[in-house]
Amino acid sequence: MNDDADQQHFAEANPAYASGQLARALSTALTHDDPDTRRRAGERQRAWRSVLAGMANGLLTIGSRTPVRDLPAWVTPEVLRGGFATGAPSAGGPMTRYETEAARRAGVPQDRAALFAYWVSEDGLAQLYELLDSGRYEVTVPEEAALLTVAWLARAGETDAAIGLVEELAPFAGRLRFTPRPSTRPAPDPGMVHRRTVAEAGESLARRQTSEAVETQREALAVWQPFGDELLAHWLETADPGEPLRVLTRTPDAAWHEHGAELLRRYRDLSERHTYCTKHRKPKANLGIMRGALEEVAAGRELDARRLGLLRHAVTSMVRRRGLPGSAQLTALRRGQAAQAALPSHHALAQLVLRRLSDLDQQAGVAEVAPLVAEVSEEEAGETGLPAGAVIPAGVRRPVESALSAPLSTLVERGVVPSAEVLAELVPQLVAATTAQAYPDPALRTLAAAHHRAFAGRRSLLLLNLQHQVRAEELPWVRAVARQREEGAAGAVSAVAFRRLGELAVQAFPGTILPNPLIRELSLLARQAELGAPLVEELAADIFMGTFSPKFLAAARVAAELLGGGSLYERYYAIDYRAIRNLAIVEAGETLTTSYGARTSPGFAKLCVARAKGGSSGARSATGSVAANGKVIEQAQILTTHNLATLVHRVGIDPDVGWAYLARRCFVTVCRLTDRVHGNPRPLSTIKDVAYAWRQMVFYLSLCSTGERDRVLASLPEELARHPRHVAGRLAPALTGLRQVTEGGTADEGAGRLLLGWTTDGHWLRPDPVSTAR
């Protein structure tokens with residue numbers, strides 16, 4: 001998006017973004033060295049061309065919940081970076097192999113409309129019943145669950161619902177696939193998740209090519225260093241015993257010449273077979289000098305004074321640096337280098353681990369990692385030539401560890417889930433099982449879980465005018481079985497899952513805000529649990545339209561209930577939570593909508609704008625540049641605590657490690673991120689993350705007792721000492737401001753500064769503190 005666009009221009013998607021993405025894809029497709037990268041870039045190029053063409057001819061309305069003309073909102077669109085729809089449905093395209101095979105077996109034409117008609121026939125439904133009962137199918141896009149839902153309804157006697165669903169799907173029968181791919185595997189264990197499949201781990205290992213740098217070093221140690229020692233020893237035979245390093249002081253005999261000829265033959269053979277290391281070819285290198293001199297002598301030519309001087313200098317420098325051939329010093333050195341060169345390459349060890357993975361279910365996770373990354377066994381050594389006992393290096397272990405199938409908390413503990421963003425990728429697997437518990441019928445429960453996993457992969461659209469993404473309950477096949485849900489039991493299960501996931505996210509990544517994909521999953525659990533827990537997303541500053549939906553004010557009111565009355569958080573950010581409670585009461589009785597029909601909270605928007613402008617009166621709801629938008633959005637995050645208050649006050653999370661521990665962890669994150677600001681030409685996104693982590697630290701400190709809080713604050717200098725000195729220099733104003741608040745003052749006075757992430761001016765955290773930098 002155009003960073004300098006005025007607010008009123010944000011109501012339309014900017015084609016310049018799509019043009020820029022097209023240009024990048026085209027450049028990569030034409031210039032990148034890797035053929036696979038060029039191929040993928042070519043696919044992106046064609047997709048972005050479709051976006052621009054659709055925007056030009058009216059096929060696409062970017063920013064709408066129904067971005068593709070003639071396709072309803074429930075159809076999953078193909079979505080590119082930035083939320084741009086291409087115009088193609090994700091369940092469209094050419095018929096898949098399993099569809100053509102199904103059409104062949106059914107004896108119908110190989111097109112989707114004919115296959116659709118077959119599936120809703122008596123014979124087709126009988127096959128769908130078998131698929132339902134087995135649970136051996138894979139739903140990759142939500143539409144693939146539609147005809148299995150029809151089959152379940154028909155078998156359950158819900159004939160009207162089945163017919164109604166078929167009628168709603170029929171207009172798209174020729175374009176979309178409505179059945180899943182059959183699988184040989186049963187439904188996954190609902191309590192186990194994995195980040196990668198065995199096949200994906202194998203693909204990662206297969207991409208590990210032989211390292212040219214490593215092989216060059218290995219060749220130098222195993223081939224050319226020992227050969228250089230032989231040349232050195234050969235030349236030392238021509239030295240006088242009284243001057244052992246002054247070579248060619250006595251005339252070599254015939255045996256010496258014969259051995260020299262053999263050394264030159266070996267050199268040519270080694271050069272042909274070992275091509276990684278080329279240093280031996282350099283005429284000014286020691287080995288090149290000795291070999292060149294030997295070739296001259298072998299040809300019957302006498303060495304001139306210059307070449308003789310170079311030879312003697314090379315011999316002398318080699319002996320002084322490493323010792324005489326056969327000496328204890330040189331022998332020990334070469335023994336160590338030979339052991340290092342004999343170590344198997346990471347590429348070879350990756351191939352061994354690939355062999356170990358080959359017998360496993362390629363589309364599942366790994367139940368146990370240890371046997372797959374164990375040392376090379378005697379049997380494997382005999383089969384592969386690798387040394388027995390060789391250790392699998394960390395770089396080869398990591399892809400296998402990422403495929404571990406275990407409870408989510410175990411994956412977090414083992415570091416398989418390194419960030420909140422990765423956590424958000426895995427949570428749908430658990431939420432799928434949780435939401436499916438509402439269906440008492442086992443077959444429908446399995447189908448609902450498979451559908452949720454697919455729906456969670458539906459990419460978010462770029463939406464304007466406060467529209468929300470399509471929810472699962474809006475899809476025709478989900479609506480058709482809505483009456484089958486037992487909401488009471490589902491609500492209790494969802495509440496427990498919500499609390500556990502909330503505690504896991506906060507405890508594992510205390511200095512990171514909840515990413516939007518995770519918020520969407522938690523919001524689903526919140527609705528099912530009926531907890532009245534408003535969760536708010538991180539808004540995009542480049543398309544922000546100056547308005548907030550009512551849930552932002554609701555979340556701020558929850559924060560007021562938890563933090564009002566003089567908490568550290570309320571005082572640090574100078575919030576009047578009493579005024580927010582009053583505003584929520586006033587707006588609760590009103591129906592406030594925009595010209596495009598979306599419900600808003602104008603009072604909350606006005607408050608955020610005023611705070612972003614430093615409390616100036618007469619603040620407009622309109623904003624301006626992206627940075628100005630960011631300041632307003634940050635104030636909304638501050639007032640709502642960006643979901644932390646909701647998790648604590650409404651959901652009831654209570655991490656075992658305690659709030660003081662989480663506050664310390666946040667400060668570690670603050671220091672680590674601040675270190676990245678130093679010397680960074682584009683540090684603003686990092687500064688924003690610093691402010692997020694700082695804000696979460698202040699929140700956790702506000703939940704501590706006074707004694708706990710003071711002990712945490714007293715420990716911060718010790719943590720600062722573990723980081724480069726420029727970190728302390730940068731954070732000094734923020735720490736001063738925090739101390740001033742604890743002593744009854746305000747953060748932004750004297751030497752203290754309020755630490756925020758967004759600014760329309762130069763950020764005070766950005767300049768390098770020269771006096772304190774190392």
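This report walks through a predicted model of one protein chain, from its overall make-up to a few individual residues.

## Ground rules

Because the model is predicted, local features are described where pLDDT is at least 70 and side-chain atom pairs count only at pLDDT 80 or more, whereas totals for chains, interfaces and linings use all residues. Residues are numbered from 1 along each chain as its sequence is written, and side-chain values rest on heavy atoms, with hydrogens and water left out.

## Confidence

The pLDDT, which is the predictor's confidence in each residue on a scale from 0 to 100, has a mean of 89 over the chain, and 95% of the residues reach 70 or more. Residues 1–11 have a pLDDT below 50, and this stretch has 28 contacts in the model beyond near neighbours in sequence; a contact means heavy atoms within 4.5 Å. Residues 616–622 also have a pLDDT below 50, with 9 contacts beyond near neighbours in sequence. Where pLDDT is low, the predicted coordinates should not be read in detail.

## The chain as a whole

The secondary structure comes to 32 helices and 4 strands. Helices (H or I, at least four residues) and strands (E, at least two) are DSSP runs, numbered from the N terminus. Along the principal axes, the C-alpha atoms fill a box of roughly 110 × 85 × 50 Å.

Of the 774 residues in the chain, 48% are buried. Here buried means under 20% relative accessible area, exposed means over 50%, and partly exposed lies in between, using a 1.4 Å probe and protein chains only. Among contacts between residues at least 6 apart in sequence, 71% join residues at least 24 apart.

Strand β1 (residues 77–80) and strand β2 (residues 84–89) pair in the antiparallel sense over 3 bridges; two strands pair if DSSP finds at least two bridges between them. Val79 stands opposite Ala85 in β2, and Pro77 has Pro89 of β2 as its bridge partner. The hairpin has 3 residues between the strands, and Gly82 takes a positive phi near 90° there.

How many residues of β2 are buried? The count is 5 of 6, so β2 is largely enclosed by the rest of the structure.

## Two pairs of helices

Two packed helices are described by the angle between their axes and the distance between the axes. The axes are lines fitted to C-alpha atoms, for helices over the stretch in contact, and the angles run from 0 to 180 degrees between N-to-C directions. Angles under 35 degrees count as roughly parallel, over 145 as roughly antiparallel, 65 to 115 as roughly perpendicular and the rest as oblique. A crossing is left-handed if the near helix is turned anticlockwise from the far one by less than a right angle, and right-handed if clockwise.

The axes of α3 (residues 97–106) and α4 (residues 112–119) come within 10 Å and cross at roughly 60°, so the two helices are oblique to each other. Their crossing is left-handed. Glu99, Ala102, Ala103 and Ala106 in α3 meet Arg112, Leu115, Tyr118 and Trp119 in α4. For α6 (residues 146–155) and α7 (residues 159–169), the axes come within 8 Å and cross at roughly 160°, which makes α6 and α7 roughly antiparallel. The crossing of α6 and α7 is left-handed. Residues of α6 that meet α7 include Leu147, Val150 and Leu153, while Ala162, Leu165 and Leu169 are among those on the α7 side.

## Two leucines

Leu245 lies in the loop between α9 (212–236) and α10 (254–273) and is partly exposed, at 23% relative accessible area. Beyond its neighbours within four places in sequence, Leu245 is in contact with Leu236, Ala239, Val315, Thr316, Val319 and Leu324.

Leu716 sits in helix α31 (residues 706–720) and is buried, at 4% relative accessibility. Not counting residues up to four places away in sequence, Leu716 touches Phe667 and Leu735.

## Positive phi outside glycine

Ala574 has a positive phi of about 55° although it is not a glycine. It belongs to the loop between α24 (568–572) and α25 (577–588) and is exposed, with a relative accessible area of 60%.

Is Asn643 buried or exposed? Asn643 counts as buried, at 1% relative accessibility. This residue is found in the loop between α27 (626–640) and α28 (644–651), and its phi is positive, near 85°.
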